[in-house]
Every structure is written in structure tokens, then in C-alpha cells.
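Hello,

Here is the structure I promised to hand over. Please open it before reading on.

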Amino acid sequence: MPYATITGWGKCVPPAVLSNEDLTTFLDTSDEWISTRTGIKERRISHVSTATLASMAAKRALAAADLDPAELDMIIMGTACPDTLIPNSGSFVQDSIGATNAAVFDLNAACTGFVYGLSVGTAMIRSGAMKKVLVIGADRIPYFLDYSMRDVAVLFGDGAGAVILEAGEEESGMLAERLGCDGDARDILSARDSGTVRERFAGIDGYYDINFEGPEIFKRAVRGMGQAVTDVLDKCGLAAEDVDVLVPHQANIRIIETLMKRLKAPEEKVIVNIEKYGNTSAATVPIALCEALEQGRIKPGDHILTAAFGAGLTWGAALIKWGDRVTPLRECEEDLPPCDKTALELLKPWIDGSNAAAAKKAAEADG
């Protein structure tokens, strides 16, 4: 049975930076309030679509593997923010990168989407059905946010990350995973009225009703990820100290610190970049993985443990054994189109709309 070795990796974060100070211009908040509670100092806001971010990350991953996109057998697009439901966003990526022979589908496990996608892609290769698979995590959660809700508006940013999986005989790639979902708590993290449950022509203002129950999400996240990492280590017969690098979902610094304590993981083993990007949903794990490689923090043969949780409430963990190569075979020369607006300028229509919707609700409540 072949292994699914990671041979290429790439990330894409848009250039427009939204700082905590920027948020204070329209929210009753402060840099101290945000950073002490979340660990976030800034996040990126995209001037391009989710699929465009994903395509750029994919091109960089293909370059790192020095792989012709026509050789890809499958593209798995992990996202909760597709540009269109019909057709799927993965088909845009396929066309953009020239992967003419690849089967394509979108996978929505919210922030756990990349871990789920890595599991599916690995299984396809290990079964012999596929030889080369592109797995992407890409999201634009800020598009959905209600910018009158301080606790939620400060958390998220845009981004994408991708890896190439290739069949190989040497033991490497994802060795074990544990995936799950607490469907009984699915409503505590939701963009209500965002699908076909919304009445098609009744009261549609273009803005989503976000439900985010922070304390309960925190408890569920810690429990779900904690159990998942324990199960994965048990499957592999490894102890926590055998893990060389921990790549956790970047949702909240307190959740990351709790997971570190459970694993007794020292800071030097843990990849944390939440201060730069916020929560990029399905993109957090691949972006962090790419940065760990860029910083020389992953060595050949390292055991890498990753864990994530997301709306649904999905959760999962995976143990990856890294292969022999930690540097790209080739650099991608392409980049996103230039952005001529600040992050605040990009968000202005959403901020104005959120405030208008909030004011309307308040007026209706007052009778």
C-alpha cells in the first residue's frame, strides 16, 4: 500500500492588512482588549475571490513539487466560503491552474476542512485510486461577518494554503487521523439564513445573522481537539513527547495554549501565527505548515501533529511524518493582482451594511 507523501506546499495571504487599531475606528474595542483575549494583532482582507486565493496557493504548491498540473488526479477544495455553490469553487481552481485531468470537489468542514481534505486525499492515494492529489484550505470568513458584533468581527481573516500529495513507497505523509463532529451543538457557531433555509424573497438584506457562542465553542474545541490528538497518538503508538512540531488551528491563543498544556508541548515545538492572520478558517493549518517550513522549523523525518475544529462542530487531528525534502524544488513567479485599496476601504460596504441592519433591528425591537 503506497504512502501519500507531501511533496509541495504553498500559501497565499492577500496584501491588505486590517490591524486592531483599524477596528477601533468603527468598533468599541482596543488593541489590548483584542490581543489579550485572542492573541490577534492583525488579519488580512482579500480583494480577490476565495478561488483566486486558492489558485495562487495551489500554483505555489505545484512549483514547490515541480509538478505539471496536468498530472493531478484530484483537487480537494476545503472551504466554507465558496464563490458559488453551483458550480463548485474547485472547478475554478482546476481551470486557473490548468489541471485538466483532475477530478474536483469542494469539501465543507469549516475550519477543519483542510484536515478532512488531507484525510480524504491520503485515503484516495493509499487505496490506489489516485497518485497525485492537491488539497487546499481556503476561506474568506470576513465576507459573512456582522460588523456590529465586536466579539466576532475581530476574529477572522482571509487566506489559503495547499499541499501536493504523491504516492510513494517510503513511510511519510499522514500516518493516522481522527475526525469527528458534535452535531448536537451545530447551532452555537453558525451563519444563520445562509442557505436554502432562508426564505427566498422575504426580508433579504444581504447580511447574515451570525451566532457565535464563544464560551461553549471554547469548551467544545478544547475537548474535541484534545480527544482527537490523544486518539491519533494512540493509533501510532507514540507519546506526546515524540511529536516534533505541533501545528494547531489558529482560532484563539487561549485554545492553543490549552492544547499545548495537554500535550506538555514546549513553545519551540508549536507553530503560532495567529497574531498576523487571525483565524483564516480552513486555511490556518496549511498556512502555518508553510511558514514552519519557510522558517526551517520542520526537518526531514519529523513527526508533525495538527489539530483543528470548526462549525458543525467538526473537529479532527492528524499525525504527519515529513519526507526527505523541506525546500521547494522551484519558486512560483506568479502573484495576486495588485490591490489599490486599504483593508478598511475593502470592508466599508460590509461595515456600513452591518450597521444599517443592526439599526433596523433595534428600531423594530423598539416598536
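My notes on helix packing, cysteines and aromatic rings follow.

This is a predicted model: local features need pLDDT of at least 70, side-chain atom pairs count only at pLDDT 80 or more, and totals for chains, interfaces and linings use all residues. Residues are numbered from 1 along each chain as its sequence is written, and side-chain values use heavy atoms, without hydrogens or water.

Helix H4 first. H4 spans residues 89-97 (helices, H or I, at least four residues, and strands, E, at least two, are DSSP runs numbered from the N terminus). Ser89, Gly90, Val93 and Ile97 are buried there (under 20% relative accessible area; exposed is over 50%, partly exposed in between; 1.4 Å probe, protein chains only). Seen down the axis of H4, they fall within an arc of 105°, so they line one face of the helix (the arc uses directions from the helix axis to the C-beta atoms). They pack against helix H3 (50-65) and strands E4 (74-78), E5 (103-107) and E6 (132-140) (contact means heavy atoms within 4.5 Å). Just after H4, Gly98 has a positive phi of about 80°.

Cysteines next. The disulfide count is zero (cut-off: sulfur atoms within 2.5 Å). The sulfur of Cys12 is 9.7 Å from its closest cysteine sulfur, in Cys332, too far for a bond. Cys339 is in no disulfide either; the nearest cysteine sulfur, in Cys12, is 12 Å away.

Last, the rings. Arg150 lies over the face of Trp33, 4.0 Å from the ring centre (rule: NZ of Lys or CZ of Arg within 6 Å of the centre and within 35 degrees of the ring normal).

Best wishes
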